[in-house]
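Please look through the structure shown below, first at the fold of one chain and then at the place where two chains meet. The paragraphs after it take these two topics in turn.

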Amino acid sequence: MQRLRGFPYIAYDTNCLVYYCFEVDIPETNPKLTVRGRLTPQARAVTEFLKSNQQKVTTTQAAYDELKECIFNAVDDRMGDREVESMLGLPQGKKVPDQLKLRVQQAVERHVTKLERKGWFVLDREFCPDLSTLQRLQRFFDGQDAHRFGRSKKPKTVDMELVAFGLARQFPLVTNDRGISNFASELASSGLSYKIHNLMDLVP
Amino acid sequence: MTGNLAFAESWYRLSETEADLATAPHVIRVCSTSANAIQWPATRHILSPSFPGLFTTRQLNLFGDESSDIMAVVPSGTLFLEQKGLYKNEGDPWSRIQSTLFIVGSVAHQTFLESMALIPTSYDWDALSGIISNTFPTAGRLDLRCFNFWAVTKGLGSSDQPEALRVQVQELHDEVAMWPGSYNQLLLAGSLDYCVSALTKLKRSPAAVQMHVSSAIKRYYDLCAGIAEQYGETKSSLRRINLQSLQDKFDLLQETCAEAQVYPRLKDLDPMDIPLD
């Protein structure tokens, strides 16, 4: 976490925002259980650290536009865990009902969209990536062996825009995408990125 | 109503309003066919019952051994209605039907239907084949194994309506649940799943509440069915559309169900409240 100290802004990818908000009480009043994303405790610890140091979290409009699909992926992934099925009292092999998944999806979305009103979060609506930087990033990732992306997919345009955003603004980028963070040092040494940190590698 | 079935203008518009049902005959008899191979020079209309459970049917299925006869029928001037809805054979659970009704436009067919109408509720093959032979003695060849004959009765008791709607909504949910996952896909699947549960709980409610809530769910279901139909061929593009309007209507539906004390809003839902399959 010390690696983030001293920077006024820290760029987050959308998944980190979603994980920060992924804590849902069921039912909302007098909850009987709470469903959290697997990375939620880490996302909260990092974000609370930043907030306590008066640092701000930021992201690009393009990344924020991916919010709904990021929420769906996080919810769909988590609600398929046996751990969650068990919390809900479902027998082995019984899937979580779609209405409960929807309940969690809507709750996370409400929470994330409220971030826009928080003083510590800044949505950068102005950033427009430099085309030549994007082309160089594209060539860089196209030139990597598939196995180096691990279980992650090759970065999409919006991911590369975030890398370019960090570079242009000189903000460290926090991501849970190994498809980006695995290449942090090479990208930086090639002048294609600023500092990139994987969310899970940040020690509270 | 005998013979002259579905010629009333109100019946052509059966799908549009429930009020049309008031003008519909109490009992009509129609023929239906799924004979895709037959090319009919006819106009097609969609007959979508404005309320599920509108029809009960009694079916004479000619697919058995006794349907091997080749009968001679060439319809002309036939008006078609595609029937999409639910049917229920007596004693059986509700099932989905999508078949084609043909409605007589020519004198010969009108005679045929009038004759059909003379057959009481139980059809038998001899009576049916006799009518067809007498009505269309010189027509071309048509394999009647392609035909099903239905007696269609309008008007179920209100207690049947939530269950009939539940089957319909469940079916759409099961379909949408198989679509590529996305935020919008879960909105559709989750809200339809909610409707199924609400309809299950609704059976215990007084008749007036049943009518009020099931009407609200039916309106919501129609919206979802329209979206599902629109994107049925391009399922992955569903993720790119803005469904805020549907979301708002689902919020209102939850209010309706909660205020009627039928089923809680999603945010107030205890997993234990979800009825078992």
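Two strands are said to pair if DSSP finds at least two bridges between them, and the strands themselves (E, at least two residues), like the helices (H or I, at least four residues), are DSSP runs numbered from the N terminus. The model is predicted, so that local features need pLDDT of at least 70 and side-chain atom pairs count only at pLDDT 80 or more, while totals for chains, interfaces and linings use all residues. Residues are numbered from 1 along each chain as its sequence is written, chains are lettered from A and ligands numbered from 1 in the order in which they are written, and side-chain values use heavy atoms, with hydrogens and water left out.

In chain A, 5 strands form an open sheet with parallel pairing, in the order S5-S4-S1-S6-S7. Its edges are strand S5 (121–124) and strand S7 (196–198), each of which pairs on one side only, and the twist from one strand to the next averages 30° (axes are lines fitted to C-alpha atoms, for helices over the stretch in contact, and angles between N-to-C directions run from 0 to 180 degrees). Within this sheet of chain A, strand S1 (residues 9–12) and strand S4 (residues 56–60) run parallel and are joined by 3 bridges; in one of them, A:Tyr9 has A:Lys56 as its partner in S4(A).

Helix H2 (residues 40–52) of chain A packs on the sheet and touches S1 and S4 of that chain, where contact means heavy atoms within 4.5 Å, and the direction of H2 makes about 160° with that of S1(A). Helix H1 (residues 14–21) of chain A, by comparison, runs at about 95° to S1(A) and lies across S1, S4, S5 and strand S6 (173–175).

How many residues of chain B are in contact with chain A? There are 26, and they meet 21 residues of chain A. Between them the two chains bury about 2100 Å², 56% of it on carbon and sulfur atoms, buried area being the accessible area (1.4 Å probe) that two parts lose on being put together, summed over both. In chain B, the residues that lose the most area to chain A are B:Tyr183, B:Leu186 and B:Lys267, together 36% of what that side buries.

Between chain B and chain A there are 3 salt bridges (a side-chain nitrogen of Lys or Arg within 4 Å of a carboxyl oxygen of Asp or Glu). The side chains of A:Lys32 and B:Asp270 meet in a salt bridge, at 2.4 Å from N to O. Helix H5 (183–202) and helix H7 (244–259) of chain B each supply at least two residues of the side that touches chain A, and H5(B) gives the most to that side, with 10 residues.
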